[in-house]
Structures are given as C-alpha cells and as structure tokens.
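Have a look at the structure yourself before reading on.

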2 protein chains.
Amino acid sequence: MLGGDGYLGWPTAMSLAAAGHEVGVVDNFARRNMATELGSNSLLPIRPLQERLRAWREVTDTHMRAWIGDITDAAFLETVVEAFAPQAIVHYGEQPSAPYSMIDRRHAVETQRNNVVGTLNVLFAIRDLAPECHLVKLGTMGEYGTPNIDIEEGFLEVRHKGRSDTLPFPKLPGSIYHLSKVHDSHNIHFACRVWGLRATDLNQGVVYGIRTPETDLDERLCTRFDYDEVLGTVLNRFCVQAVVGYPLTVYGRGGQTRGFLNIVDTLQCVGLALESPARVGELRVFNQFTEQFSVNTLAEKVASVGAALGLHVVVDRIEDPRVEAEEHYYNAAHTKLMELGLEAHPLSDEVVAHLLEVIARHKDRILIDPIAPRTLWDPRRR
Amino acid sequence: MLGGDGYLGWPTAMSLAAAGHEVGVVDNFARRNMATELGSNSLLPIRPLQERLRAWREVTDTHMRAWIGDITDAAFLETVVEAFAPQAIVHYGEQPSAPYSMIDRRHAVETQRNNVVGTLNVLFAIRDLAPECHLVKLGTMGEYGTPNIDIEEGFLEVRHKGRSDTLPFPKLPGSIYHLSKVHDSHNIHFACRVWGLRATDLNQGVVYGIRTPETDLDERLCTRFDYDEVLGTVLNRFCVQAVVGYPLTVYGRGGQTRGFLNIVDTLQCVGLALESPARVGELRVFNQFTEQFSVNTLAEKVASVGAALGLHVVVDRIEDPRVEAEEHYYNAAHTKLMELGLEAHPLSDEVVAHLLEVIARHKDRILIDPIAPRTLWDPRRR
C-alpha cells in the first residue's frame with residue numbers, strides 16, 4: 001500500500017487488513033507536509049501513522065508493517081519490495097491534487113517528477129524483484145478530460161480508413177497533475193506490453209465521504225478530510241462551506257460534469273481489483289465511479305439538505321479559476337467494476353446530511369482562509 | 001536552439017544562421033558525455049562547441065551566441081530566455097536514444113526526468129517570459145508505434161457511438177525514450193490549450209546522412225556521426241558495418257517499417273516550420289519524414305551499393321534485442337510539410353555511396369566493440 005497514510009490510502013489499508021490480507025504501509029508523509037505548506041489542516045484530527053498502527057493493533061489484534069520513505073528513492077523502494085515480497089501493490093503514492101500542480105513552475109515540475117519517477121521505480125521493482133505482482137494503480141477520470149464522444153474504459157475501438165484497432169483512449173487532461181497520471185498510464189501500458197507485467201489502472205472519479213467500517217471502530221483510526229481549495233474535493237469542500245456559512249464556490253457556470261463515488265466504494269473497488277487480478281501482460285483499465293453529477297447539481301443538493309438541517313446555504317458562482325469547459329457533453333462508461341460485483345452506495349440526502357453532521361461536530365477546527373480559490377490555471381488572468 | 005551541439009542541432013543552427021536568423025545555441029554536452037560513457041565516438045572528429053563557433057565566424061563572418069548549461073535547471077534557462085528574447089525556440093535538447101533509455105532503471109528514469117522536466121521548463125519559460133515565442137519541438141514518429149490503422153499527423157477524427165471529435169492520435173510508444181516524447185506531446189498540448197502557447201511538434205522519422213551545405217564549408221564545421229548500437233541510427237550504422245566488414249545487424253525478421261529522411265531534409269523541415277509558425281493556442285503536429293522503408297530494404301540497399309563499391313557486405317539476421325512487431329502494417333501520413341514546400345531528397349544509391357565513401361575515409365577511427373547490440377528491451381531474455 002503505497003501512500004498508505006493518505007485520505008484514501010489509510011482506509012484502504014485498514015479495509016484490506018480487515019479482509020484478511022497481510023498489509024504493509026509505505027508513506028513519506030507528503031500529504032501531511034502539503035497541508036502544512038498550504039496552511040490548511042485536516043478537518044478530523046488525524047494521528048501520526050505510528051499511533052494509527054498501534055491503535056489498529058489494539059482494536060483488531062492484527063498487525064500492519066510500515067516503511068517510511070520516498071518511492072522516488074529506488075533503493076528504498078527495492079528494500080521494501082524485497083522485504084515484503086508483495087503479491088500486489090496498491091499504488092496511491094502520488095501527489096494527488098490538480099490545483100497543487102498548478103501553483104507555479106516549481107510545483108508543476110515537482111508533481112510530474114514525483115509521480116512519474118515514483119511509478120517508474122515501482123514498475124522496475126516489480127519487473128526485477130516481484131514479476132508476478134499485480135499493480136493496482138490509482139489513476140483518475142480526469143485523464144480523459146471532456147471529449148465530445150462517450151468515454152470508454154481505457155481503450156477505444158477505432159475504425160479508420162477501412163482498418164481497425166483497439167488503441168489507448170485519447171487523453172485531454174486538464175492540469176499538470178492529470179497529465180502526470182496520463183504519463184503513468186502510458187508507462188504502465190509499456191511495462192505490461194514489453195515486460196509482461198500485470199496491472200489495473202483505476203481511473204477514479206471524485207471521491208467524497210469520511211467514514212468507512214474501519215474508521216468507525218475507533219476515533220484514532222479516522223482518515224484525513226481536506227476542505228481547502230487545493231486538497232479538498234468539491235463535495236467535501238461544499239459541505240464544509242455550508243457548515244461555516246461560506247458561500248458554496250461554484251466555478252463559472254457550474255456545468256462541469258464528472259464521475260463521483262463514495263469513499264466506501266473506493267475501498268470496495270480496490271478490493272475487487274485485487275481479488276480478480278489482471279492477466280500476465282495485461283493493462284486493465286476500470287473507470288471507478290458510480291454516478292455522474294454536475295457541480296451545479298452538487299451545490300443544489302448540499303443547499304437543500306443543509307436547509308433541512310437549519311443551515312443557511314448560499315451558492316456563489318465565481319469566475320472559474322481553472323481553464324475548462326463549463327458546459328460540455330459527458331457520458332463515461334463504468335461497467336467493468338459493476339461486472340466484478342461493485343455494489344454502489346449512491347449519493348443520497350442521508351449521506352450528505354451525515355457529512356454535514358460530522359463536519360459540524362468539528363466546526364471549531366475549520367480554517368476559513370484556505371477555502372477561497374486562489375490557484376489560477378492561467379496566471380495571465382491575474 | 002536547445003541541444004545545438006548535437007548531430008542535428010549543430011547543422012540546424014548553422015542552417016538557420018546561414019538563412020539570416022539570429023541564432024543562440026544552448027547545450028549541456030549531454031550527447032558528448034553519453035558517447036564517453038558508452039565507450040563510443042563520433043566517426044567524424046568533431047570540434048569543441050567553442051571552436052565550432054569560432055570557425056563559423058571565420059568562415060561566414062556571422063556570430064552565434066552560446067550558453068552552456070542544462071535546461072532542467074530552470075534558473076539557467078530563464079536567464080537565457082530573458083537575455084536572448086527568442087521569437088522561436090527549436091528544442092532538440094533531449095536524451096535522443098531509445099536503447100540508452102532501456103539500459104537499466106537508472107537510465108530509464110533519467111531519460112524521462114531529463115526530457116519531461118526540460119520541456120516543462122521550456123513551456124513555463126515561454127509562458128512567463130516570451131509568450132509570443134513559437135516552440136518547434138523535436139518529437140518522433142516512434143510515439144505512434146505500429147498501430148493497425150493509418151497514422152495521421154498528431155490528431156485523429158474519431159466517430160464513436162454517433163458522435164465525433166478530433167482527438168490526439170492514440171500512442172503506442174516502443175521504449176522509455178519514446179514514452180518521454182509522448183509525455184512531452186501531452187504537456188505541450190496542454191500548454192497550448194490552457195496558456196495559449198503556439199507550438200509545432202515535429203514527429204521525426206529516422207534520420208540518415210552526414211553532410212549539409214554548411215558542414216561542407218569547412219571540416220571544422222562537421223557534425224557528429226554515431227554508429228554504435230545505442231546512438232547510431234539504423235542506416236548510418238549499416239553503412240559503417242558495411243565499411244568495416246561487420247555483418248549488417250538486422251533485428252529479427254527485419255520487417256520493421258519506419259519513416260526515414262535525409263539530414264538535409266531535417267534542416268529544411270525545421271526552417272519551414274519556423275517560417276509559418278503555429279497560431280496562438282495551436283499545437284500543430286507534422287510527421288517529418290520523406291519515405292518509408294523496412295529494415296530489410298535498407299540492408300539490401302546498403303549491400304548492393306556496397307558491392308558495387310567493392311565491399312563484401314553480409315546481412316546477419318540476429319535475434320531482435322527489442323520487443324517490437326517484426327512484421328506489421330505501416331502507413332503514415334506526411335503531407336503537411338510537403339504542403340509547406342518541403343522538397344524531399346530521396347534515398348538514392350548515390351546518397352548511400354557517398355555515405356560509404358565518407359565513412360571509408362575515416363575508417364581508422366571506427367571502434368568495433370560498441371557496434372554489437374547488447375541492450376535488451378526485456379532483460380528476462382538474458
């Protein structure tokens with residue numbers, strides 16, 4: 001479990017351990033350091049990884065090993081792979097934020113260097129030290145962008161001038177971060193084609209939510225929850241804005257449509273991918289989300305559920321700090337994980353209400369300053 | 001002119017200077033250092049860059065400025081861009097060899113780090129310091145791989161489930177090096193889409209040849225000519241093998257078909273791209289080659305021309321050290337540069353004969369050891 005201390009990595013590690021897998025956690029605390037750099041924090045007070053692991057052992061009587069280090073350091077990664085001899089590597093170990101990658105040149109270069117080099121090191125470590133190992137890599141639906149055709153799962157059957165082939169789906173990523181994931185996808189595809197590695201690329205939608213069966217076991221096991229403009233995903237951020245009386249920041253016309261999923265479905269999807277591994281030489285791509293929403297739809301939902309809870313929620317359409325289509329066609333396939341047995345947890349009013357209630361309990365921890373969008377995709381607009 | 005000391009960079013710099021452009025040369029001598037690392041050399045004895053520039057001034061009475069440094073060092077690159085204020089940047093400044101990128105993990109990671117970071121720095125330098133500047137970037141036909149459909153120039157009109165869009169042509173690159181160029185192409189496309197940069201991606205075929213109008217002016221102006229398994233392109237390598245009586249090393253069945261062009265046409269293409277720059281916000285992709293050949297066809301041509309010159313040429317079909325299709329469909333569009341006025345210099349027997357003659361004059365400099373292929377795409381085959 002690379003990146004096993006993060007928003008999704010930590011609950012996934014617990015979920016897999018609870019399912020009986022032997023889990024090793026690798027992290028360099030990049031996500032915690034990013035929050036420190038940005039002057040933001042996690043809504044829930046997360047414990048140090050070492051204390052999380054101690055609590056996990058107390059509560060479940062099972063043990064997870066941990067390695068603290070950076071996977072862009074090949075010698076470190078090789079030590080871990082040799083010591084642990086993994087049957088599968090779940091790779092969340094990347095810089096995960098689009099706005100972070102757009103702050104300036106230095107953050108852009110560092111995002112691509114970190115993500116591309118880390119993933120290359122993983123591919124070489126598998127090739128040379130654990131060639132049977134199944135790589136489960138977290139990609140993003142944002143690799144596809146918003147083409148004017150239906151989005152398929154990783155590959156497209158192309159008919160052209162009387163011939164046909166199945167080729168990688170063309171990509172129109174919308175940030176330096178999303179580009180880094182496109183680069184990863186091409187590198188992983190190569191490793192499968194040329195070295196016979198087996199990999200699953202999970203092109204995940206936008207995740208929301210805060211609780212999983214394992215975080216509920218003990219408050220020390222909670223996962224981080226970011227709500228600032230750089231690290232917070234849109235629905236999580238809207239819910240925090242609703243609780244503190246900050247207008248919901250809809251970017252531009254709000255017609256931006258994306259795939260979304262509950263954090264519990266992220267865990268389920270990773271588990272399903274691990275249970276049915278890719279074949280030798282296969283790169284399998286799953287689009288990992290359960291529902292499509294526009295930003296406007298999400299804002300309206302948070303406003304209506306918030307109102308029912310007595311919150312006064314205002315929606316504020318601000319100038320889009322990103323360069324993106326604000327209205328567009330969007331229809332993305334996402335059947336492969338359902339065929340493997342995914343039972344989706346749709347976004348209900350109850351889910352939103354629960355999120356708002358948890359956030360309200362921690363309202364005193366919320367920092368206002370990091371919420372407002374200030375990272376511009378095109379700095380000439382300043 | 002980034003990479004202005006290399007096989008193509010140096011003759012291109014001279015060609016543009018001869019055409020009346022003010023040219024600045026940037027290089028970190030990576031190519032010279034690679035040859036040193038590999039224990040190989042340039043067939044022609046090349047002079048230090050500083051002496052080349054002195055000779056150029058003596059011969060032509062025109063001056064080229066030079067900056068020695070690494071474009072992955074953003075501060076260095078920004079200094080150059082601020083000082084020179086370029087109207088266009090011709091970007092050859094990358095690790096150019098597929099086998100070099102496949103030597104081991106370290107060379108693979110360094111290839112992608114060097115090429116991706118360097119090009120990102122170029123994009124940011126243009127955005128922030130010279131937004132009108134036209135980027136002419138050397139890509140490679142190898143980005144496309146060998147799909148079972150016709151290859152178009154950068155983009156593909158896709159019809160899918162009743163809708164259509166023009167999307168980046170899907171890529172199947174065949175090495176870590178070729179992958180780095182795919183990453184660059186995606187990054188450049190983003191910079192054009194989001195920041196309004198103007199760029200031309202020249203997806204170049206395999207270059208052969210040794211003389212240009214400017215190298216003929218003075219022997220001190222000659223360009224490097226590599227013939228080893230890592231840095232030498234196939235036709236150049238075959239000609240050296242023919243001269244020294246080394247069997248021509250055809251990889252596998254020899255049906256690998258690629259686009260080829262004479263070095264003089266490389267210079268012509270770059271000049272044409274500069275004369276008709278891309279529009280603001282446009283990424284233009286040209287497939288830069290003049291003819292398609294299979295490896296077998298080239299070997300036969302060298303053998304027959306060599307025989308006419310009294311050389312005893314043997315063709316040796318060795319096990320392919322690469323992982324690639326040895327027989328495949330290949331039909332790649334290359335009309336856009338012809339529409340701009342490219343006058344192709346086809347591969348004639350005279351061109352091959354001239355190459356063989358030049359090589360024969362420098363036969364005593366040829367090192368045998370670096371010629372044999374030893375870099376394996378899949379090291380498990382050892």
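**Ground rules.** I worked with a predicted model, in which local features need pLDDT of at least 70, side-chain atom pairs count only at pLDDT 80 or more, and totals for chains, interfaces and linings use all residues. Residues are numbered from 1 along each chain as its sequence is written, chains are lettered from A and ligands numbered from 1 in the order written, and side-chain values use heavy atoms, without hydrogens and water.

**Sheet, chain A.** I found 3 strands in an open sheet, ordered E8-E10-E12, with mixed pairing. Strands (E, at least two residues) and helices (H or I, at least four) are DSSP runs numbered from the N terminus, and two strands pair if DSSP finds at least two bridges between them. E8 (206-208) and E12 (291-294) of chain A are edge strands with a single partner each, so one side of each has no neighbour in the sheet. Strand E10 (257-262) of chain A runs antiparallel to E12(A), joined by 4 bridges. I noted Gly259(A) opposite Gln292(A) in E12(A). Helix H9 (263-275) of chain A packs on the sheet, touching E8 and E10 of chain A (contact: heavy atoms within 4.5 Å).

**Helix pair, chain B.** The axes of H4 (74-84) and H6 (105-129) of chain B come within 10 Å and cross at roughly 40 degrees (axes are lines fitted to C-alpha atoms, for helices over the stretch in contact; angles run from 0 to 180 degrees between N-to-C directions). Contact residues include Leu77(B) and Val81(B) of H4(B), and Val122(B) and Leu129(B) of H6(B).
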